[in-house]
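Let me put the structure up on the screen, and then I'll walk you through a couple of spots.

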Amino acid sequence: MKFPIFKTKIEGLNRKFNLLDPKEQKEYFQLKAGKEIEKLRNFLRENTFVAYLLGKKNSGKGTYSKMFAEVILPERIDHFSIGDMVRAIDPELKDEKKKRELINYLEKNYRGRLSLKEIISALKNRNTKTLLPTELILVLFKREMEKREKKTLFIDGFPRELDQIGFSLFFRDLIGHREDQDIFILIDVPEAVIDQRIKYRVICPICQTSRNLKLFPTSKIGYDEEKKEPAPYRAGDSGAGFYLICEKCGVKMEKKEGDELGVEPIRERLKLDGKLIEESFSLYGIPKILLRNSIPIKEAKKFVDDYEITPEYYFEWNEKEKKVKVKERPWVLTDDEGIESYSLLPQPVVVSLIKQMVDVLNL
Ligand SMILES: [Zn+2]
């Protein structure tokens with residue numbers, strides 16, 4: 001299965017954008033997809049659609065759909081995560097009144113193999129290994145939709161298994177979006193990118209904001225002079241002795257235990273995710289949008305601008321000034337087919353999402 005490379009380069013245009021700057025990002029989208037943004041805005045003021053995000057774990061599903069919403073019409077578009085929905089049930093189960101309401105709803109609406117007692121126990125004792133039964137996910141999702149105002153939806157986390165793909169084809173009926181266009185958004189990201197996203201990920205212990213030492217640092221960097229080379233970083237690596245400081249909370253952002261293993265612990269999961277994407281790719285009757293994160297180095301000049309490529313950040317300690325210098329260099333990775341590639345920043349991928357969406361919706 002090959003995802004096409006999307007051209008975001010406009011010939012004869014020499015302006016450069018700093019995509020980390022919100023104002024420049026806005027100008028960038030206006031220039032690269034202004035006409036399409038206007039069409040989508042007009043459409044979404046009156047209409048809605050349902051999109052399913054299909055990509056491997058850590059492929060950037062949330063990043064892309066949230067950026068799409070932000071650029072087009074945030075108040076009319078929801079990113080809906082099935083994982084978040086299930087986690088939000090934990091506090092309900094601890095509150096007697098809310099628990100009663102949940103049980104009442106399930107009594108009226110749930111059809112499936114589990115007894116109510118088994119359902120509550122499945123919800124309470126969830127883990128990452130066993131998935132909740134599809135019938136239960138469907139009814140919880142329906143309940144959630146009934147509480148909300150009808151908006152355009154980007155669904156993240158469904159379908160998650162091969163047998164759920166069939167359900168997703170009728171999903172819009174179940175949640176009262178019967179007349180909506182439904183769309184599969186398939187995301188292709190090399191495992192090397194996912195690996196580095198995990199290995200260099202750090203999280204603020206207070207606000208849980210997630211950043212990346214190598215790919216998405218904060219503006220404030222700290223340096224531990226005592227502990228120059230903590231494992232697992234190599235000397236000179238972007239992490240050696242350096243740490244990120246949360247922009248909101250001002251505290252040191254921390255690595256999570258096990259992240260140094262990268263994709264190793266989730267290899268099986270990634271394989272299943274890949275299979276899911278492949279199966280969805282071959283379905284008839286539902287339009288598909290293909291988003292591609294990487295681009296072979298030898299094609300890059302033709303298709304994208306330099307500033308659309310993800311750089312690798314690294315740091316140097318200036319002993320005299322006692323200051324951290326932030327540097328960047330091109331980040332070269334090997335894609336799943338063994339081709340030397342660059343990884344695109346989210347913005348050009350979202351430009352391709354916007355343009356393909358206009359086509360799918362016939363605007
Ligand atoms: Zn924070």
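This is a predicted model: local features need pLDDT of at least 70, side-chain atom pairs count only at pLDDT 80 or more; totals for chains, interfaces and linings use all residues.

So, how many bridges join β2 to strand β3? There are 5 of them, and the two strands run parallel, with β3 covering residues 152–156.

Okay, zooming out a bit. Those strands belong to an open sheet of 5 strands, and reading across you get β2-β3-β1-β4-β9, with parallel pairing. At the edges sit β2, residues 77–81, and β9, residues 288–292, and each of those pairs on one side only. Going from one strand to the next, the twist averages 20°.

Now for the helices. Helix α2, residues 61–72, packs on the sheet and touches β1 (49–54), β2, β3, β4 (181–188) and β9. Its direction makes about 165° with that of β2. Then there's helix α11, residues 267–281, which also packs on the sheet, with β1, β4 and β9 as the strands it touches. For α11, the angle with the direction of β4 is about 135°.

Is Glu312 buried or exposed? Its relative accessibility is 10%, and the cut-off for buried is under 20%, so Glu312 counts as buried. And what is Glu312 in contact with, once we leave aside neighbours within four places in sequence? That would be Lys214, plus Lys327, Glu328, Arg329, Pro330 and Trp331.

That's me done, thanks!

Key. Residues are numbered from 1 along each chain as its sequence is written. Side-chain values use heavy atoms; hydrogens and water are left out. Two strands pair if DSSP finds at least two bridges between them. Helices (H or I, at least four residues) and strands (E, at least two) are DSSP runs, numbered from the N terminus. Axes are lines fitted to C-alpha atoms, for helices over the stretch in contact, and angles run from 0 to 180 degrees between N-to-C directions. Contact means heavy atoms within 4.5 Å. Buried means under 20% relative accessible area, exposed over 50%, partly exposed in between (1.4 Å probe, protein chains only).
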